[in-house]
Amino acid sequence: YDKLTWNNNTEKYEENSVVFFYKKSADGKYCWITKLDVLDEYKSDKLEFPKEMNDSVLIRIGFDVRDVKKNAPDVRYSVFGSSLSDNFEYPQRFKSIQHIALPDSVQSIEDGTFVGLYSLKTINGPKELKRIGVGAFNNCSGITEFEIGEYVSEIGLGAFRNCGRLGKIHISANNKKYYEQGGFVIDKEQKQAVMAIPGKKELVIPSSVNSFRKNCFEVCKIKRIDLESGENRFIKNGNYIYRKNNKALLLGIVNEKTAIIPESIEELNQDSILIGEDIDR
């Protein structure tokens, strides 16, 4: 999908009271849904994406950043055509969508594709999926699990941000890039925790992990964190984890209103994180 040349003209395809706007690859073999509209007569709570449209196989879903006007380079949109601002809200006809079925041919879910679809409860991970874009499922607070297949090699920052019920991420044993352990999605090569699964209440930092990606613990609901036994680059003191080499705070779980930093921690920096619902000091 990342090596194809795409036509600029947009075509329409209507199926079951859903209008899909899409672009074709230059050779006409593949298509990319950049926007869709659910008509008023649409009554189902399940949205199914077609595998083919006019003999072109669907491999990409989400807003095409090339369509951004030159005077508004920071504006982005979901696949439903909503501008990604802090206070946007979908029309009522979109709010009835609880289930989404994607064909296995889909290789890329673009940045912000399903952001803010609070009503969404289930969505499958396509077998051919390679990329999950930045904020692709941001604020999809109803989903509880997601399947990452063997070909996924890119998970964008905040892909599952604010998905508080997401307690299970299943990663194929054949995936060469990622694996799940201790409630984390981990990059095998970099030995980096890419994200903490948002719905987990307890986490265990594997001894193999060297570092944590930016926003790894963003909007987590964890109440307890531990270290896997064995050689580790981190030390645990109560519900606080800090780095062994410079004694800098990595993460603190605060279950009260006051965060009490242990004396063994000598440094707080921009990477230090405190998680708690009612911290006031």
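Predicted model: local features only at pLDDT ≥ 70, side-chain atom pairs only at ≥ 80, totals over all residues.
Colleague: Is Leu268 buried or exposed?

Modeller: Leu268 sits in the loop between strand S22 (249–253) and strand S23 (273–275); strands (E, at least two residues) and helices (H or I, at least four) are DSSP runs numbered from the N terminus. Buried means under 20% relative accessible area, exposed over 50%, and partly exposed in between (1.4 Å probe, protein chains only). Since its relative accessible area is 57%, Leu268 is exposed.

Colleague: How many salt bridges does a search of the whole structure find?

Modeller: Residues are numbered from 1 along each chain as its sequence is written. Local features need pLDDT of at least 70 and side-chain atom pairs count only at pLDDT 80 or more, while totals for chains, interfaces and linings use all residues; side-chain values use heavy atoms, with hydrogens and water left out. A salt bridge is a side-chain nitrogen of Lys or Arg within 4 Å of a carboxyl oxygen of Asp or Glu. The search of the whole structure gives nine.

Colleague: Which residue forms a salt bridge with Asp64?

Modeller: The closest N and O atoms of the Asp64 pair are 2.9 Å apart. Asp64 lies in the loop between strand S6 (56–61) and helix H1 (92–95), and its partner, 41 residues apart, in strand S2 (residues 18–24). Both residues are buried. The partner is Lys23.

Colleague: What is the relative accessibility of Asp187?

Modeller: Asp187, in strand S15 (residues 184–187), pairs with Lys177 in the loop between strand S13 (168–171) and strand S14 (178–181). Their closest N and O atoms are 3.0 Å apart. Lys177 counts as partly exposed because its relative accessibility is 23%. Asp187 counts as buried, at 3%.

Colleague: Which residue meets Arg224 in a salt bridge?

Modeller: Arg224 counts as partly exposed, at 39% relative accessibility. The N to O distance is 3.0 Å, and the partner is Asp226.
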